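Reader: I'm new to reading structures. Can you walk me through this one?

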Amino acid sequence: MSDEDANPGAAPTLEQARKQIARYGLEADPQAVLVAVRLMAAGARLDRASEVHFARSGLSTGRYRLLVDLEDSDGEKSPSQLAKSLGVSRATVTGLVVGLEREGLVARRASTEDGRGAVVVLTARGSRRLHDMAADHFARLEALVGGLAADERGLFLDLLERITRRIGALTAE
């Protein structure tokens, strides 16, 4: 158990949100602010935990997501398609592919559709890596949400989708 797991009280409180809002003389809803702040904190903690989790299999979260995306796409995709489906830049995909290629988990080859372009291909070794880690990976995912009943998980998925659709509120000009 990490220090963060042992000290869930380190998360901001509703009273702290109220004080901050009052300090700045704002008319914001403290509960809405608290939900957003805790969601951001949970996301950061989940990012860190994901990196530890995937490192056990010699991967990063990004490298794992790329391998799974290839597997879900019948084993091959262009770098631009990967960038789009992963929500990252082409440069990020290139960096991920270089590392995965070095380990023999993916390969690049000329596209059969467009001889000028290249596609990234999941190798047998990459497929085996995903298969070898699957049982532990899915068990840990289940454990992560093990404290939620099936109906709560359904509600959480709905709420998460609704929040995710509004992420642009943080990045809008």
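Predicted model: local features only at pLDDT ≥ 70, side-chain atom pairs only at ≥ 80, totals over all residues.

Reader: Which residue stands opposite Val119 in S3?

Author: Arg109 does.

Reader: What is the order of the strands in the open sheet?

Author: The order is S1-S3-S2. Three strands form this open sheet, and their pairing is antiparallel.

Reader: Which strands stand at the edges?

Author: S1, residues 76-77, and S2, residues 106-110. Each has a single partner strand, so one side of each is left without a neighbour in the sheet.

Reader: Which helix lies across S1, S2 and S3?

Author: Helix H4, residues 61-72. H4 runs at about 95° to S3.

Reader: Switching topic. How many residues are in the largest nonpolar core?

Author: The largest nonpolar core has 20 residues. Leu59, Tyr64, Leu66, Leu67, Leu70, Leu100 and Val106 touch the most other members.

Reader: Which elements give two or more residues to this core?

Author: H4, helix H5 (79-86), helix H6 (90-102), S3 and helix H7 (124-144). H4 gives the most to this core, with five residues.

Reader: Now Arg63. Where is the place of Arg63?

Author: Arg63 is in helix H4.

Reader: Does Arg63 count as buried or exposed?

Author: Buried. The relative accessibility of Arg63 is 16%, and buried means under 20%.

Reader: What does Arg63 touch, not counting residues up to four places away in sequence?

Author: Gly58, Leu96, Gly99, Leu100 and Glu103. Take Glu103 from that list. Glu103 and Arg63 form a salt bridge, with the closest N and O atoms 2.4 Å apart. This pair links distant parts of the chain, 40 residues apart. Glu103 sits in the loop between H6 and S2, while Arg63 is in helix H4.

Reader: How exposed is Glu103, then? What is the relative accessible area of Glu103?

Author: Glu103 has 25%, so Glu103 is partly exposed.

Reader: Which residues are linked with Arg63 in a network of salt bridges?

Author: Glu103 and Arg129.

Reader: How many salt bridges does the structure hold?

Author: Nine. Glu15 and Arg18 form one, with the closest N and O atoms 3.7 Å apart. Asp158 and Arg162 form another, at 3.1 Å from N to O.

Reader: How many residues apart are Glu15 and Arg18 in helix H2?

Author: Three. That is why Glu15 and Arg18 are separated by about one helical turn in H2, residues 14-23. Glu15 is partly exposed, with a relative accessible area of 41%. Arg18 also counts as partly exposed, at 41% relative accessibility.

Reader: And where do Asp158 and Arg162 lie?

Author: Both lie in helix H8, residues 150-164. Asp158 and Arg162 are four residues apart, about one turn of the helix.

Note on methods. Residues numbered from 1 in each chain as written. Heavy atoms only, no water. Pairing = 2+ DSSP bridges. Contact = heavy atoms within 4.5 Å. Axes fitted to C-alpha atoms, helices over the stretch in contact; angles between N-to-C directions. Core = buried A, V, L, I, M, F, W, Y, C linked by side-chain atoms within 4.5 Å. Buried < 20%, exposed > 50% of the residue type's maximum accessible area, 1.4 Å probe, protein only. Salt bridge = Lys/Arg side-chain N within 4 Å of Asp/Glu carboxyl O.
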